[in-house]
Structure formats: structure tokens, C-alpha cells
Amino acid sequence: MTPALPSQLAPLGAVSASLPQADSPLRLSLHPVLDRRAVVDGAWWPYSHDATAELPGLIAAVDRLLGRVTLRVGVHQDAWERIPRSIPARGRHIRVGWFRYADSRMITLVFAAAEPVVLLIIPPGAATGPAEATLKLTAQDTTGLTPDDIVTLAHLPHDPVFRATAASPASWADEGGRVTGQEAPVPVRRPPAPV
């Protein structure tokens with residue numbers, strides 16, 4: 001099938017009149033059949049690392065292409081600048097979560113009644129040839145391929161900002177605090193045995 005590579009954002013209808021419109025075409029590909037066996041469902045090539053400027057266009061395009069309503073977006077905290085807490089869209093506010101334990105090359109869009117969509121992020125400054133190859137490759141069946149495999153097959157250079165990061169339960173951050181490094185296990189106290 002042909003990948004979804006919209007050259008311009010189409011309006012979402014009358015309810016989307018208040019949505020910000022992108023001046024540049026959105027560079028996005030989605031696999032025509034979203035299945036959870038693949039690590040990614042497509043790729044996105046933003047123009048910058050500015051989440052406030054880039055995310056509204058992505059959300060509008062994914063909602064339009066999939067006929068779904070995005071409720072939440074998850075990004076890697078260190079890979080983006082100016083991450084908003086929420087984004088207005090179609091009369092609602094989409095919450096933006098930022099994490100450090102996930103792969104910084106990925107972005108996740110969460111919907112109400114469907115599986116999340118995971119997109120591989122192509123570095124904003126990537127050369128056109130490898131970036132377009134990545135968009136086309138991720139629109140095909142990538143079952144069994146890791147993000148590193150996709151980057152290698154498309155000859156996409158690694159971006160120091162969007163880097164592979166190991167998932168670790170001892171490395172997370174959110175508004176409530178931060179845990180880094182391994183901490184000593186807390187001994188479990190058991191009640192004394194009955195006599």
C-alpha cells in the first residue's frame with residue numbers, strides 16, 4: 001500500500017476552526033494497518049525540536065488520518081524543547097506527558113478506544129534522502145525490526161538529541177519527583193511467627 005504522506009494539512013472540519021494550522025507540510029507516514037506486532041506504526045519528521053510548535057500539527061493530522069481522537073501524547077523529556085503541559089484541539093485539551101525511561105526517538109499518541117500509535121521520530125535536520133526512506137520504510141511491514149534496524153536500513157544518521165535510551169525502572173521523572181540510579185533494596189520485615 002502507499003504510505004500516508006500528506007503534503008499539506010487538510011482542515012478537520014468546522015469543529016477545527018480554532019486549531020492552529022501548520023505553515024509547512026507535515027512529514028508523516030503511517031502503516032495502513034496498525035498492528036501491535038511492530039515496534040512502530042509509522043514515522044514523523046518534525047521541522048524542529050520545539051514541541052509546542054510541532055505537536056499540534058501532528059495531532060491534527062493523526063486524528064484526521066485515523067478518524068480517532070488523540071487524548072494524550074507521550075514524549076521523551078530530554079529530546080524536546082518547550083514541552084507544553086497540554087495542547088488545545090477540537091474543543092478539548094490533550095495532555096502531554098514527558099518521560100525519561102523510554103526511547104527518545106519515539107512519540108506515543110494515546111486514544112480512547114484504540115491501541116496507542118507509536119511513531120519513530122526522524123531528526124529535524126536529517127537529509128531528505130534518508131528521511132524519506134525512513135518514512136517509506138515505516139509505512140511498510142516493520143514487524144521484527146527494532147528502531148535501530150529501521151535507522152540502519154534507511155541510512156539515517158543518528159541524532160545526539162534523539163538517541164536510543166535504555167528503559168530502566170530506576171530512571172524516571174515527572175512532576176512528582178525523580179529517581180536516578182539503583183537504590184539499595186528495602187528489607188522486608190515480617191511479623192514474628194506465632195508461638
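This is a predicted model: local features need pLDDT of at least 70, side-chain atom pairs count only at pLDDT 80 or more; totals for chains, interfaces and linings use all residues.
**Stop 1: the main core**

Start by selecting Leu 28, Trp 44, Leu 55, Leu 58, Ile 107 and Leu 119. Within the largest nonpolar core, which has 25 residues, these six touch the most other members. Now colour the elements that each supply at least two residues of this core: β1 (28-30), α1 (51-66), β3, β4 (86-89), β5, β6 and β7 (117-121). Helix α1 gives the most, with six residues. As background, nonpolar side chains tend to be buried together in soluble globular proteins.

Next, centre the view on Ile 107. Leaving aside residues up to four places away in sequence, Ile 107 touches Trp 44, Leu 55, Leu 58, Val 73, Gly 74, Val 75, Val 117, Val 118, Leu 119 and Ile 121. Apart from this core lies another one, of 15 residues, including Val 40, Ile 122, Ala 131 and Leu 145.

**Stop 2: helix α2**

Ala 131 leads us to helix α2, residues 128-138, where it is one of the buried residues. To see the others, select Pro 130, Thr 134, Leu 135, Leu 137 and Thr 138. What lies over them? The cover for the buried residues of α2 includes β1, β2 (42-44), β7 and α3 (147-153).

**Stop 3: the largest pocket**

Select Phe 99, Tyr 101, Ala 102, Met 106 and Thr 108 next; of the 14 residues lining the largest pocket, these lie nearest its centre. The pocket holds about 290 Å³ of space. Colour the lining by residue type and you will find nine nonpolar, three polar and two charged residues.

**Stop 4: two buried arginines**

Show the side chain of Arg 105, in the loop between β5 (92-99) and β6. Is Arg 105 buried or exposed? Its relative accessible area is 5%, under the 20% cut-off, so Arg 105 counts as buried. Its side chain makes a polar contact with the side chain of Asp 103 at 2.7 Å.

Finish at Arg 92, in strand β5. Arg 92 is also buried, with a relative accessible area of 17%. Which partners does its side chain reach? There is a polar contact with the side chain of Asp 63 at 2.8 Å, and the backbone oxygen of Thr 70 is reached at 2.9 Å. Show Val 69 and Ile 87 as well: Arg 92 touches both of them, along with Asp 63 and Thr 70, not counting residues up to four places away in sequence.

How values were computed:
Residues are numbered from 1 along each chain as its sequence is written. Side-chain values use heavy atoms; hydrogens and water are left out. On a 1 Å grid over the protein atoms alone, a cavity is a set of points where a 1.4 Å probe fits but cannot get out, and a pocket is an open set with protein on both sides within 12 Å along at least five of seven lines; lining residues have an atom within 4 Å of a point. Grid points are joined across faces, edges and corners, and a volume is the space filled by probe spheres set on the points. Ala, Val, Leu, Ile, Met, Phe, Trp, Tyr, Cys and Pro count as nonpolar, Asp, Glu, Lys and Arg as charged, and the others, Gly among them, as polar. Helices (H or I, at least four residues) and strands (E, at least two) are DSSP runs, numbered from the N terminus. Buried means under 20% relative accessible area, exposed over 50%, partly exposed in between (1.4 Å probe, protein chains only). A polar contact is a pair of N or O atoms within 3.5 Å; within protein, one must be able to donate a hydrogen and the other to accept it, and residues adjacent in sequence count only if both atoms are side-chain atoms. A nonpolar core is a set of buried Ala, Val, Leu, Ile, Met, Phe, Trp, Tyr and Cys residues joined through side-chain atoms within 4.5 Å. Contact means heavy atoms within 4.5 Å.
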